[in-house]
Amino acid sequence: MSGTRRVAVVVGNPKPESRTLAAATYVARELTGQDPDLVVDLAVLGTALLDWTDPTVAGLVEEVGDADLVVVASPTYKATYTGLLKLFLDRFATDGLSGVAVPLMLGAGPAHALAPELTLRPVLTEIGALVVTPGLYVLDAAHDDPTTYAAWLDRVRPAVRHLHPTGANA
């Protein structure tokens, strides 16, 4: 390895090319100053997520597990992340994520603003990720407004810069 840091995005929205995907990609880019090296839009994997012998899914689990920074994103369904994301995360061993993970969730209203902290952070920690930043909750209607992310990005960039020093904006 040349010392290059790998950035991944994992999105558990059942709709391909979703607002959640756009938000997660934006967050990864803003935290590191680069496009993610790997984007996993779980919606396009379909029933392969149910097949524990599927080599494509196994390969993605390995790649995500080896990433230095992973933005893990989901829409809020029933006050938590989607079952689609759960299917993928269940593939990881308790030490399956070796890098820093950022929990990100989108939702229709502010009632579930703690969902990233209360539901997504614990599972990411359980599978080995270092979750050093507060989770981010974004209202669906504001997912494409950079000002929505500005205060959170300003708060977490120092931690990401320390742990992921290759980012130009970090």
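Two strands are taken to pair where DSSP finds at least two bridges between them. In this predicted model, 7 such bridges join strand S3 (residues 69-75) to strand S4 (residues 100-107), and the two strands run parallel. Within this pairing, leucine 69 has valine 100 of S4 as its bridge partner.

The S3-S4 pair belongs to an open sheet of 5 strands, arranged in the order S2-S1-S3-S4-S5 with parallel pairing. The edges of the sheet are formed by strand S2 (38-41) and strand S5 (136-139); each has a single partner strand, so one side of each is left without a neighbour in the sheet. On average, and with direction ignored, neighbouring strands are turned by 15° against each other.

Strand S1 (7-11) is joined to S3 by 5 bridges, the two strands running parallel. Valine 9 of this pairing stands opposite valine 71 in S3. S1 also pairs with S2 in the parallel sense, over 4 bridges, and here valine 11 has aspartate 41 of S2 as its bridge partner. S1 is mostly covered, with 5 of its 5 residues buried. This burial extends to both faces of the strand: Val7, Val9 and Val11 lie on one side, and Ala8 and Val10 on the other.

Helix H1 comprises residues 19-32. At 1.5 Å a residue, its 14 residues should span 20 Å, and this agrees with the 20 Å that separates its end C-alpha atoms. The N-terminal end of H1 is capped by serine 18, a side-chain oxygen of which lies 3.3 Å from the backbone nitrogen of threonine 20. Just after the helix, glycine 33 takes a positive phi of about 80°.

Of the 14 residues of H1, 11 are buried, so the helix is largely enclosed by the rest of the structure. The buried set consists of Thr20, Leu21, Ala23, Ala24, Thr25, Tyr26, Val27, Ala28, Glu30, Leu31 and Thr32. The elements that cover these residues include S1, S2, S3, S4, S5 and helix H5 (146-163). Glutamate 30, which lies in H1, has a relative accessible area of 19%. Because residues under 20% are classed as buried, glutamate 30 falls in the buried class. The side chain of glutamate 30 is joined to that of arginine 157 by a polar contact of 3.1 Å.

Helix H4 (residues 115-126) lies across S3, S4 and S5, and runs at about 145° to S4. Just after H4, glycine 128 takes a positive phi of about 105°.

Most residues other than glycine have a negative phi. Lysine 78 is exposed, with a relative accessible area of 81%, whereas alanine 79 is partly exposed, with a relative accessible area of 33%.

Methods:
Residues numbered from 1 in each chain as written. Predicted model: local features only at pLDDT ≥ 70, side-chain atom pairs only at ≥ 80, totals over all residues. Heavy atoms only, no water. Axes fitted to C-alpha atoms, helices over the stretch in contact; angles between N-to-C directions. Contact = heavy atoms within 4.5 Å. Expected span 1.5 Å × (residues − 1). Buried < 20%, exposed > 50% of the residue type's maximum accessible area, 1.4 Å probe, protein only. Polar contact = N/O pair within 3.5 Å; in protein donor to acceptor, adjacent residues only side chain to side chain.
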